[in-house]
Amino acid sequence: MSALVARRALVWTVATVAEVVDETAHAVTIAFDVPDWPGHVAGQHVDVRLTAPDGYQAERSYSIASGPEDGRLALTVERIADGEVSPYLAGVLEAGDEIELRGPIGAHFSWRVEDGGPLLLVAGGSGLAPLMSMLRHRHARASEVDARLLVSARTLGELLYHRELEQLADGPGLAVHRTLTRERPDGWDGWDRRVDPAMLQAVGPAPEERPRVFVCGPTGFVEHVAETLVELGHDPGAVHAERFGPTGG
Amino acid sequence: MEATWLDGNGMAGLLTEVFGADITAVVRSCGSCGTAAPIGAHRAYRGAGVVLRCPGCEDVAIRIAQLPDRTVLEVRGAWVVELPRG
């Protein structure tokens with residue numbers, strides 16, 4: 001099998017921070033102005049590079065959280081206490097600051113409305129970011145393709161894009177399911193356990209409907225969910241996975 | 001046990017540097033076990049360089065080492081990469 005691959009020089013570009021918004025106690029969304037940004041496909045990521053005064057460089061990959069139709073490129077960054085890059089991005093960086101980035105990249109983990117559905121999106125923690133880009137894209141294009149989202153977070157306070165997801169779920173074709181693994185707040189109508197086969201079956205779609213599946217989160221979470229989906233009968237080739245860490249944050 | 005690999009997809013930046021194109025959607029057939037999987041679904045191990053392994057049998061698909069003055073590349077298995085000309 002072969003495929004014609006788009007050829008494009010990948011160059012580091014200086015991006016300017018337009019806005020930093022607190023999402024949770026540990027995560028921020030950073031919107032950038034990027035000169036000559038070529039546009040992205042939902043699910044893709046960028047590489048971010050920081051350079052210290054002594055020339056030391058640290059590089060990390062971050063999924064793009066904004067939809068392709070949104071005005072600005074936005075990344076959601078979760079602060080990892082002993083990380084090398086995330087405490088700077090989600091703590092120090094402010095409007096007007098400049099950082100280097102390159103992208104968009106990652107043709108494998110991406111979805112366009114034209115690719116069709118049904119869609120099954122499973123997120124662990126800040127793994128929701130690239131899946132949110134897909135849902136923002138779906139909404140911007142007024143698509144009604146069957147989409148199911150399952151989000152796992154430790155606590156309600158750590159659930160990203162909570163309000164926006166509720167608004168999106170009011171639209172046709174999208175079902176949003178949530179599970180909290182460390183607490184059960186009063187009046188909570190979601191699940192309160194780790195993702196398991198029964199939960200994935202309840203979320204659907206069934207393997208026979210051949211959904212396109214995208215799973216993103218910490219390595220252990222993605223491994224567990226992807227294995228469970230294949231055991232339930234989903235085509236391994238249709239399960240797209242994006243693991244993050246252990247990269248030192 | 002916590003897995004120690006990432007996805008080939010996460011190496012898209014480096015792969016684009018090396019190949020001049022984002023090859024994560026290119027399908028590679030493993031020379032050892034025959035598994036056909038996109039490069040983005042291969043397992044990526046980072047050390048002094050990057051090693052991508054077959055998701056089916058862990059056989060080496062590609063090794064990339066970036067030295068100060070050059071990049072060293074070893075490619076294994078059956079891949080066909082088509083790049084537009086011009």
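Predicted model: local features only at pLDDT ≥ 70, side-chain atom pairs only at ≥ 80, totals over all residues.
**View 1. The parallel sheet of chain A.** Five strands of chain A make up an open sheet with parallel pairing, and their order is β10-β9-β8-β11-β12. β10 (174-180) and β12 of chain A are at the edges; each has a single partner strand, so one side of each has no neighbour in the sheet. From one strand to the next, the twist averages 10 degrees. In general, the strands of a sheet pair through backbone hydrogen bonds, in either a parallel or an antiparallel way.

**View 2. The pairing of β8 and β9 in chain A.** Strand β8 (residues 119-124) and strand β9 (residues 147-153) of chain A run parallel and are joined by six bridges. One residue pair can be picked out here: L119(A) has A147(A) in β9(A) as its bridge partner.

**View 3. Helix α2 of chain A across the strands.** Helix α2 of chain A covers residues 128-140. This helix lies across β8, β9, β10, β11 (212-218) and β12 of chain A. Relative to β9(A), helix α2 of chain A runs at about 150 degrees.

**View 4. The side of chain A that touches chain B.** In this view, 22 residues of chain A are in contact with 27 residues of chain B. At least two residues on the chain A side come from each of β1 (3-4), β7 (98-105), α5 (219-231) and β12 (239-244). By class, this side of chain A has 10 nonpolar, six polar and six charged residues.

**View 5. Chain A as a whole.** Chain A has 12 strands and five helices. The C-alpha trace of chain A spans about 55 × 50 × 30 Å along its principal axes. A compact globule of 249 residues would have a radius of gyration near 18 Å, and the 18 Å of chain A agrees with this. Of the 249 residues in chain A, 41% are buried. Among contacts in chain A between residues at least 6 apart in sequence, 72% join residues at least 24 apart.

Definitions and conventions: Residues numbered from 1 in each chain as written. Chains lettered and ligands numbered in written order. Helix = DSSP H or I, 4+ residues; strand = E, 2+ residues; numbered from the N terminus. Rg over C-alpha atoms; globule rule 2.2 N^0.38 Å. Buried ≥ 20, exposed ≤ 12 C-beta atoms within 10 Å, placed from the backbone. Contact = placed C-beta atoms within 7 Å. Nonpolar A, V, L, I, M, F, W, Y, C, P; charged D, E, K, R; others polar. Pairing = 2+ DSSP bridges. Axes fitted to C-alpha atoms, helices over the stretch in contact; angles between N-to-C directions.
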